[in-house]
Amino acid sequence: MPPSQKTERRRIGLLGGSFNPPHQGHREISLAALERLGLDAVWWLVTPGNPLKDPKIYAAYEDRLRLARVVANHPDIVVSDFERRRGLTYTAETLDALQAINPNAAFVWLMGADGLENFHRWKDWRHIAETVPIAVFNRPGHETDALASEAAKELGVFRIDPEDAMSLCATEPPVWVFLPDTENPLSSTAIRSRKISHSLTIDQSDDLIAPCGALAFFLDLHPDLGDFRADVIEGLSLPQKTISPKYFYDEAGSKLFDQITELEEYYPTRTEKEVFLENAGEITAAIGPRAAIFEYGSGSSEKIEWLVKGLKEPAAYVAMDISRDHLLENASSIAEVLPIPVAAICADFHSPIELPKSVLPPADHWLGYFPGSTLGNMTLGAAKNFLERASATLGENAQFLIGIDLVKDKAVLEAAYNDARGVTAAFNMNLLKRMKSELGAKLNLDDFEHYAFYNDVEDRIEMHLRAQCATAIEIDGEAYGFVPGETLHTENSHKFTFEKLERLVNQTPWRLEKSWTDEKGWFGACLLSNS
């Protein structure tokens with residue numbers, strides 16, 4: 001049994017069953033598989049019913065699926081209804097279907113010792129053994145019967161030692177391993193904290209399509225979420241102290257931002273909605289028929305529904321976001337209301353992304369969708385790089401629909417970031433609270449204040465945390481001093497004119513086709529083309 005040469009393929013464990021109900025034993029096997037077999041992920045395949053069991057014993061399928069997601073509670077465990085959506089009953093059929101859409105994934109079948117006892121009763125069980133490696137995990141009281149079972153005896157010559165378990169995925173089947181030491185819970189700390197290192201750029205031969213809920217596929221590129229401690233220390237060490245705005249969005253920060261969008265002074269959200277909806281007919285006509293949509297930064301169903309329903313014969317919608325949980329929740333909700341296939345990709349839009357387009361219905365062209373004026377949070381250099389990457393992602397003859405916040409009266413701009421209720425101030429100050437609670441930083445919150453102003457030279461709102469007196473932030477025994485008036489720079493929000501945007505896009509493969517705005521000229525929707 002020589003090891004396969006395709007050792008760079010992502011290693012995926014498959015744990016099938018009725019999950020009736022899902023329990024910690026399923027999770028323990030999954031954690032053990034991640035650790036002992038060196039897997040990148042485990043997919044739980046929740047079957048509508050086991051042919052060997054009485055269908056009357058099953059709880060409602062949606063309840064089993066929902067509870068499985070609660071029990072799994074791990075970033076590398078994906079709970080899937082693939083078998084239900086494909087109308088599959090038997091494991092052999094499921095494996096054939098999964099391998100057909102994932103030809104370069106290294107799958108391994110996971111089962112408990114109690115499953116091995118009855119494996120010889122499974123339909124086409126020899127085909128299963130010849131299709132994928134198998135890992136069997138001990139269950140209390142089942143080891144003797146499992147190893148004495150008909151299947152275990154017939155496959156005995158293909159069994160490898162547990163010490164060689166790391167080689168299982170790279171060995172051509174038939175091959176299996178019995179792990180006798182999984183009766184006790186394993187520590188998941190190392191698994192939770194480990195980082196999966198593989199390229200964010202994929203080509204068609206390396207597509208990994210995880211069936212997930214109502215989604216056509218879920219592709220997890222494991223984006224780098226950053227190291228809060230390291231980034232804070234690095235930022236506090238700079239001449240102009242700074243911190244990335246991505247750290248705004250912990251649970252508290254996300255709730256505060258939701259409140260900001262509802263504020264009277266904060267015009268962007270409602271004005272953008274007005275621009276898109278008031279001009280929906282013209283926008284969708286300019287896009288044309290049979291477009292597939294790729295949204296940068298997954299939004300709500302309301303944000304995308306107007307676009308899909310206004311387009312002629314739209315092909316598909318793919319949501320992208322860096323936050324896995326946020327993405328899966330939003331995309332799954334959107335899939336329930338849109339009449340087209342919906343998929344999701346967990347990635348950072350500052351990294352290269354290649355769409356697995358062949359899995360979706362054919363489209364005449366791809367449309368990038370980037371609402372919310374997030375382009376303005378980038379430096380002009382970063383915005384240029386982003387637009388170049390987007391063109392490569394979407395391919396030839398693509399379009400890109402983006403939102404931009406326009407230059408306007410300074411008083412309007414500054415009021416939007418200095419609301420009377422102080423919600424934006426709390427949003428900004430939450431960064432300091434995170435430093436205290438998560439990093440153990442020593443600092444006095446009252447020594448700092450929210451500070452936001454319009455920089456006329458750069459055409460941008462700048463947000464800072466400003467020291468009101470001589471103070472310091474101490475982390476890991478190192479003090480980073482502030483003199484009165486010194487700031488920690490937290491965010492930029494560039495404002496555009498259409499001319500300024502056109503100068504930017506002309507440095508990229510894109511060209512500005514059309515633009516729309518509201519009556520006041522506060523916000524713009526722009527359609528770009530790279531054809």
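Does Asn-430, at 7% relative accessibility, count as buried or exposed, and why? The model here is a predicted one, and in it Asn-430 counts as buried, because its relative accessibility is 7% and the cut-off for buried is under 20%. Asn-430 has its place in helix 18. Setting aside neighbours within four places in sequence, the residues in contact with Asn-430 are Phe-248, Asp-250, Ala-252, Gly-253 and Leu-256.

**Helix 18 and its partner**

Helix 18, which spans residues 423–439, also meets helix 10, residues 228–236: their axes come within 11 Å and cross at roughly 125°. That angle makes helix 10 oblique to helix 18, and the crossing is left-handed. On the helix 10 side, the residues involved are Phe-228, Arg-229 and Val-232, and they meet Leu-431, Arg-434, Met-435, Glu-438 and Leu-439 of helix 18. Sorted by class, this contact between the two helices has 5 nonpolar residues, 3 charged residues and no polar ones.

An open sheet is formed by 7 strands in the order 3-2-1-4-5-7-6, with parallel pairing. Strand 3 (77–80) and strand 6 (159–160) stand at the edges with a single partner strand each, so one side of each has no neighbour in the sheet. Helix 4, residues 91–101, packs on this sheet and touches strand 1, strand 2 (41–46) and strand 4; the direction of helix 4 makes about 155° with that of strand 4.

Strand 4 deserves a visit of its own.

On one side, strand 4 pairs with strand 1 (residues 11–17) in the parallel sense, over 5 bridges; Leu-14 stands opposite Trp-109 of strand 4. Strand 4 also pairs with strand 5 (residues 134–137), again in the parallel sense, over 4 bridges, and there Met-111 stands opposite Val-136 of strand 5.

Another open sheet has 3 strands in the order 15-16-19, and its pairing is antiparallel. Its edge strands are strand 15 (448–455) and strand 19 (487–494), each of which pairs on one side only. From one strand to the next, the twist averages 20°. Ile-461 has Ser-493 in strand 19 as its bridge partner.

| Strand pair | Sense | Bridges |
|---|---|---|
| Strand 1 and strand 4 | parallel | 5 bridges |
| Strand 4 and strand 5 | parallel | 4 bridges |

Notes: Residues numbered from 1 in each chain as written. Predicted model: local features only at pLDDT ≥ 70, side-chain atom pairs only at ≥ 80, totals over all residues. Heavy atoms only, no water. Pairing = 2+ DSSP bridges. Helix = DSSP H or I, 4+ residues; strand = E, 2+ residues; numbered from the N terminus. Contact = heavy atoms within 4.5 Å. Axes fitted to C-alpha atoms, helices over the stretch in contact; angles between N-to-C directions. Parallel < 35°, antiparallel > 145°, perpendicular 65-115°, else oblique. Left-handed = near helix turned anticlockwise from the far one by under 90°. Nonpolar A, V, L, I, M, F, W, Y, C, P; charged D, E, K, R; others polar. Buried < 20%, exposed > 50% of the residue type's maximum accessible area, 1.4 Å probe, protein only.
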